[in-house]
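Please look at the sequence and the structure below before reading on.

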Amino acid sequence: MKKKLIITWVCVGVVYLLFLIWNGLFTSPLSTQEIEKYTEILQQDYSDSEFQQMRSFMEEDDGKPIIMINVIKTNDIPKTVNGKTFSSAEEALADYEGFVGPFLIKRGSYPIFNGTSLMDAPEVWGIENAREWTTGSLVRYKSRRVMLELSTNPVFREFHDSKIAGIEKTFAFPVSADIHLVNLGLFIAMFLMVIGLSISLFIIKKAT
C-alpha cells in the first residue's frame, strides 16, 4: 500500500511539474540574438515610431507572462481578402482562430476571458468611432517570445487575411499581469490534489 501511495503522489508531482513547465516556469527573457532576428522581420511592418516602441517592448522583456487586451467590432458582411470569401464574420474569425488557438495552447498561452457586448460603449473619451463593439477578450501569453513567434510566423500571416475579412475595427495592446486573480496554476494544483487524495483513499480503503 505504501508503495502505491508513493507512486500516486510522485505521478501527481510529475504531472504538475510538466504543467508548470508548459505554463512558463523556466521562461527566460528574449536574448540579443532573438531581438535582432525579430527586428529584421518586424521593421518592415511598422512605421519608425511604432517600431521603436516594439523594439523597447522586446528589450524590456522580463520573461514573465503578458495579457493581450482585445476589443473587436465584426463586419456585418465579411470582406473578400486575397481571394478568401466567407459567409459570415463568425466563419472568417473561426478560420483565423483555428490556427491561432492551437498555436498558442502548444506554447502555454490561452484565452482567460471572452465576452459579447451587451450595448454600445456608455463612455468614450478622446477617441472617435468607438461606441460600437461586438466582443472583448483577454488572452494570456506565456511570454513576449510567444507573441512574437505568432506575429512573425509565415502561416499566421496567411490566416491573418481571415481576421481582416471578419473584423470591421479593433484595437489590441499588451499589459503586464500586475494583478492576476485568474490563476490556472492554482486551479490545476487543487485539481491534482483532489485526484491524488481520491486515489489515495481508494488505495487505503482497498487495503483495509
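In this predicted model, helix α4 meets helix α6 through A89, A92, L93, D95, Y96, F99 and V100 on the α4 side and V155, F156, F159, H160, S162, K163, A165 and G166 on the α6 side. Contact here means heavy atoms within 4.5 Å. Helices (H or I, at least four residues) and strands (E, at least two) are DSSP runs, numbered from the N terminus.

Residues are numbered from 1 along each chain as its sequence is written. Because the model is predicted, local features need pLDDT of at least 70 and side-chain atom pairs count only at pLDDT 80 or more, while totals for chains, interfaces and linings use all residues; side-chain values use heavy atoms, with hydrogens and water left out.

- Ala, Val, Leu, Ile, Met, Phe, Trp, Tyr, Cys and Pro count as nonpolar, Asp, Glu, Lys and Arg as charged, and the others, Gly among them, as polar.
- Two packed helices are described by the angle between their axes and the distance between the axes.
- For α4 and α6 the angle is about 160 degrees, and the axes are 7 Å apart. Axes are lines fitted to C-alpha atoms, for helices over the stretch in contact, and angles run from 0 to 180 degrees between N-to-C directions.
- This angle makes α4 roughly antiparallel to α6. Angles under 35 degrees count as roughly parallel, over 145 as roughly antiparallel, 65 to 115 as roughly perpendicular and the rest as oblique.
- α4 and α6 cross in a left-handed way. A crossing is left-handed if the near helix is turned anticlockwise from the far one by less than a right angle, and right-handed if clockwise.

**Helix α4 with helix α5**

- The axes of α4 (residues 89-106) and α5 (residues 144-151) cross at roughly 145 degrees and come within 11 Å.
- The crossing of this pair is right-handed.
- F99, V100, F103 and L104 of α4 make the contact with V146, E149 and L150 of α5.
- By class, this contact has six nonpolar, no polar and one charged residues.

- Six of the eight residues of α5 are buried, so α5 is largely enclosed by the rest of the structure. Buried means under 20% relative accessible area, exposed over 50%, and partly exposed in between (1.4 Å probe, protein chains only).
- The buried residues of α5 are R144, R145, V146, M147, L148 and L150.
- These buried residues pack against α2 (32-42), α3 (48-59), β1, α4, β3 and α6 (154-166).
- S143 lies in the loop between β3 and α5, and is buried at a relative accessible area of 1%.
- Leaving aside residues up to four places away in sequence, S143 touches T27, G63, K64 and P65.

**Helix α1 with helix α7**

- The axes of α1 (residues 2-23) and α7 (residues 184-207) come within 10 Å and cross at roughly 165 degrees.
- α1 and α7 are therefore roughly antiparallel to each other, and their crossing is right-handed.
- On the α1 side, the contact residues include W9, V12, Y16 and F19; on the α7 side, they include I188, L192, G196 and I203.
- The contact of α1 with α7 has 16 nonpolar, four polar and one charged residues.

**Loop residues**

- N82 is in the loop between β1 (66-74) and α4. N82 has a positive phi of about 50 degrees although it is not a glycine, and is exposed at a relative accessible area of 67%.
- N129 is in the loop between β2 (110-116) and β3 (135-141). N129 has a positive phi of about 50 degrees, although it is not a glycine, and is exposed at 59% relative accessible area.
- I77 is placed in the loop between β1 and α4, and counts as exposed at 68% relative accessibility.
- I77 and I66 are eleven residues apart in sequence and 33 Å apart in space, C-alpha to C-alpha.

**The protein as a whole**

- The protein has seven helices and four strands, in the order α-α-α-β-α-β-β-α-α-β-α from the N terminus on.
- The C-alpha trace spans about 70 × 45 × 40 Å along its principal axes.
- Buried residues make up 35% of the 208 residues.
- Among contacts between residues at least 6 apart in sequence, 82% join residues at least 24 apart.
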